[in-house]
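Me: Hey, I've just opened this one and I'm new to it. Could you walk me through what's in there?

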Amino acid sequence: MPYERWAPKVVRSSSGIVAGLTAAALAAIGFLAYQASADVPGGLGSSRPAESSTTAAAKAPRDTKHPTALPSASGTGRRVVYSVDDDRVWLVGGGDRVKRTFKVTPGTVDPPPAAYVVTSRSGKITGSDGIAVEHVVRFTNVSGVAIGFSAAVDGSTSAPAPSKKRLGGIRESREDGTAMWEFATIGTRVTVIK
């Protein structure tokens, strides 16, 4: 008998092939989306605190002999620590070693003490006070006001004008702004303390 008589006949329409390929593509996209979401740091893209932080609500203990020393109750691991009471930032690397600390000038809206993550960054923009700023590192929103670190392109770090009521920019010097930009990439933890 010829082979053709015993071989199963396979009839495929072009619409069946397209449907099969579409189903396979959707399954692959779903799997890749799951993998991507599993690798995203907690709180990324959220304006809420990344984790509950009971220690951040109280005033973090300070070393009175070394006022620029990292407060002891400011978290662990690689992070940015920002004290709203002291207007100071610490860039903390591995092993809780301070890489840099500097004074900042806050806006008119402070973030609540808690743990956050960096959610967005901008190289150069015009700030909400109309001043050109660079190295913008945002980590939360408070009542619709974006909160983040930035440096004025003209180098100014003066306090905002009293007429400006809702500013969330925390101003740094240009040198400190560059250090923040290099350190605080998307997903970097930011601990805000009193």
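**Starting from one residue**

Reply: Let's begin with Glu134, which lies in strand E6. Keep in mind that this is a predicted model.

Me: Is Glu134 buried or exposed?

Reply: Glu134 has a relative accessible area of 7%, and buried means under 20%, so Glu134 is buried.

Me: What does Glu134 touch?

Reply: Leaving out residues up to four places away in sequence, Glu134 touches Ser122, Gly123, Lys124, Ser150, Ala151, Val153 and Arg174.

Me: And which sheet does E6 sit in?

Reply: E6 belongs to an open sheet of four strands, in the order E5-E6-E7-E8, with mixed pairing. From one strand to the next, the twist averages 30 degrees.

Me: How many bridges join E6 to E7?

Reply: Seven bridges join strand E6 (residues 132-142) to strand E7 (residues 145-152), and the two run antiparallel.

Me: Tell me about Val137, then. Buried or exposed?

Reply: Val137, found in strand E6, has a relative accessible area of 1%, under the 20% limit, so Val137 is buried. Not counting residues up to four places away in sequence, Val137 touches Val118, Ser120, Arg121, Ile147, Gly148, Phe149, Met180, Trp181 and Ala184.

Me: How far is Val137 from Ile170?

Reply: In sequence, Val137 and Ile170 are 33 residues apart, and in space they are 9.6 Å apart, C-alpha to C-alpha.

Me: Switching topic: how many aromatic pairs are there?

Reply: A search of the whole structure finds three aromatic pairs. In one of them, Tyr116 and Phe139 have ring centres 5.6 Å apart and planes at 55 degrees, so that pair is tilted. Tyr116 is in strand E4 (residues 114-117) and Phe139 in strand E6, 23 residues apart, and the pair links distant parts of the chain.

Me: Are those two buried or exposed?

Reply: Tyr116 and Phe139 are both buried.

Me: Which residues do the ring pairs link into a cluster?

Reply: The cluster is made of Tyr82, Tyr116, Phe139 and Phe149.

Me: What about charges over rings? What sits over Trp181?

Reply: Over the ring of Trp181 you'll find the charged end of Arg121, 3.6 Å from the ring centre. Also, Arg78 lies over the face of Phe183, 3.9 Å from the centre of that ring.

Me: Back to E4. Which strand does E4 pair with over four bridges?

Reply: E4 pairs with E9, in the antiparallel sense. Ala115 stands opposite Thr191 in E9, while Tyr116 has Val190 in E9 as its bridge partner.

Me: And which residues cover the two faces of E4?

Reply: Ala114 and Tyr116 are on one side of E4, with Ala115 and Val117 on the other. All four are buried, and both faces of the strand are covered.

Me: What's the strand order in that sheet?

Reply: It's an open sheet of five strands, in the order E3-E2-E1-E9-E4, with mixed pairing. The edge strands are strand E3 (98-103) and E4, and each pairs on one side only. Neighbouring strands here are turned by 20 degrees against each other on average, direction ignored. H4 packs on this sheet too, touching E1, E2 and E3, and its direction makes about 140 degrees with that of E3.

Me: Last topic, the core. How many residues are in the largest nonpolar one?

Reply: The largest nonpolar core has 24 residues, and those with the most contacts inside it are Val80, Val89, Phe149 and Met180. Elements giving two or more residues to this core are strand E1 (79-83), strand E2 (88-92), E4, E6, E7, H4 and strand E9 (189-193).

Me: What is Met180 in contact with?

Reply: Neighbours within four places in sequence aside, Met180 is in contact with Val80, Val89, Leu91, Phe102, Val137, Phe149 and Glu172.

Note on methods. Residues numbered from 1 in each chain as written. Predicted model: local features only at pLDDT ≥ 70, side-chain atom pairs only at ≥ 80, totals over all residues. Heavy atoms only, no water. Pairing = 2+ DSSP bridges. Axes fitted to C-alpha atoms, helices over the stretch in contact; angles between N-to-C directions. Phe/Tyr/Trp six-rings, centres within 6.5 Å; stacked < 30°, edge-to-face > 60°. Buried < 20%, exposed > 50% of the residue type's maximum accessible area, 1.4 Å probe, protein only. Lys NZ or Arg CZ within 6 Å of the ring centre and 35° of its normal. Contact = heavy atoms within 4.5 Å. Core = buried A, V, L, I, M, F, W, Y, C linked by side-chain atoms within 4.5 Å.
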